[in-house]
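Subject: Structure handover

Hello,

Here is the structure I said I would pass on. My notes on it follow below.

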Amino acid sequence: MKTEEFIEIENKYGAQNYKPLDVVLAKGEGVWVWDIEGKKYLDCLSSYSAVNQGHCHKRIVNKLKEQAEKLCITSRAFRNEQLAFFYKELCELTNSHSVLPMNSGAEAVETVIKAVRKWGYKVKGVKKDKAEIIVCENNFHGRTLTIVGFSTEEQYKDGFGPFTPGFKTIPFGDSKALEDKISDNTVAFMVEPIQGEAGVIVPPTGYLKEVRDICTKNNVCLILDEIQTGLGRTGKILAEEHENVEADATLIGKALSGGCYPVSAVLSNKEVLGVFMPGEHGSTFGGNPLACAVAREALKVLVEENMIENSRILGFYFQEELKKIHSPYIQEIRGKGLLIGVELKHEIGGARPFCEKLMSLGILCKETHEHVIRFAPPLVITKDEIDWAIKKITKVLS
């Protein structure tokens, strides 16, 4: 079958809630993917950072196969031999005290919302049903009904109301706005260290430390959504480490399994996660032995194969090479590690045509927030591969 035939079938039978580029992928290895017609592409999206370790990493795939032949799922009605090791290794790697495993990133967000609300009532003493969580403008924390309800992107909300109350919104990167918004009912402030979906928006230096201090002073939980920025993407195991802060709850997912299986987790302390009693929260698949085995290997791969340091070094190199491009279209280049946004001038009409042109030259990336091209290749990328990509990107942007 040809590409057009696959697209025709997809359009006929599938829901139209995505607008993908017209490429049908069939194979992946490392930073490269191939379409059904054999054309090779450099993946500069990494499935929104789910494949930090590269496509089909052999160690992770072999571990998945090995565990799948032994035991896949038990439900949490019983214990399994992988879970304890997963808890211990993840806590030691991220300097966390407690873990609650889930499947998708949105589930981790929903979980932490429940946890901090209950913490507010049971520990802080907020009156029943008065808990408030502060979030930021242009946030992206997932697609569930509660989450889209506190989004400031109208398209995410259109036609889905009524929404869950209890959220206040402030500008991103403005610590004074947080301080002004906190009330006696505030239980948490939830924020992305870098706003990915909003266009790779990097806050001012010192912002995370400032909001950490404000939350501590006001007995408010700081929640950092590191589902996209975590696990090496910005050149640290967690982006919070760039400013030496420790959140009360950190959310991870995506690369936690190297893209081979849905795994997410809430990392927190005993005080916050300790509010859950048996039966008050759970997941049929969360913490299953297959997920834990895959996640354990994915974490080992990140560390043992030096991918985090590679992200730091080559992310800086990639940005510097992009800044050398003389382009009439580029407004700004920003990012940290291998999470990079190239914002185009708004008057040129959007980034989509540039992404389509890059695809024709063998580079896959995606527009975000209409005017930004996001470059986020797997962390296994090499300098030679970046140099190859820069030549193609230069051709398109200049």
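Asn 138, Asn 139, Phe 140, Thr 152, Glu 153, Tyr 156, Glu 197, Ala 198 and His 369 form the lining of the largest cavity. On a 1 Å grid over the protein atoms alone, a cavity is a set of points where a 1.4 Å probe fits but cannot get out, and lining residues have an atom within 4 Å of a point. The volume of this cavity is about 70 Å³, where a volume means the space filled by probe spheres set on the points, with grid points joined across faces, edges and corners. The structure has one cavity of 30 Å³ or more. Three residues of the lining are nonpolar, four polar and two charged (nonpolar: Ala, Val, Leu, Ile, Met, Phe, Trp, Tyr, Cys and Pro; charged: Asp, Glu, Lys and Arg; polar: the others, Gly among them).

This is a predicted model, in which local features need pLDDT of at least 70 and side-chain atom pairs count only at pLDDT 80 or more, while totals for chains, interfaces and linings use all residues. Residues are numbered from 1 along each chain as its sequence is written, and side-chain values use heavy atoms, with hydrogens and water left out.

The second largest pocket has a volume of about 530 Å³; a pocket is an open set of points with protein on both sides within 12 Å along at least five of seven lines. Its lining holds 21 residues, and Arg 76, Tyr 87, Leu 100, Phe 276 and His 281 are the ones nearest its centre. β4 gives the largest share of that lining, five residues. By class, the lining of this pocket has ten nonpolar, eight polar and three charged residues.

As for the protein chain as a whole, there are 14 helices and 15 strands (DSSP runs numbered from the N terminus: helices are H or I with at least four residues, strands E with at least two). Of its 398 residues, 55% count as buried, meaning under 20% relative accessible area with a 1.4 Å probe and protein chains only; exposed is over 50%, and partly exposed lies in between.

Arg 59 counts as partly exposed because its relative accessibility is 28%. Beyond its neighbours within four places in sequence, Arg 59 contacts Glu 297, Lys 300, Val 301, Glu 304 and Glu 305 (contact: heavy atoms within 4.5 Å). Arg 59 and Val 294 lie 235 residues apart in sequence, with 9.3 Å between their C-alpha atoms.

Regards
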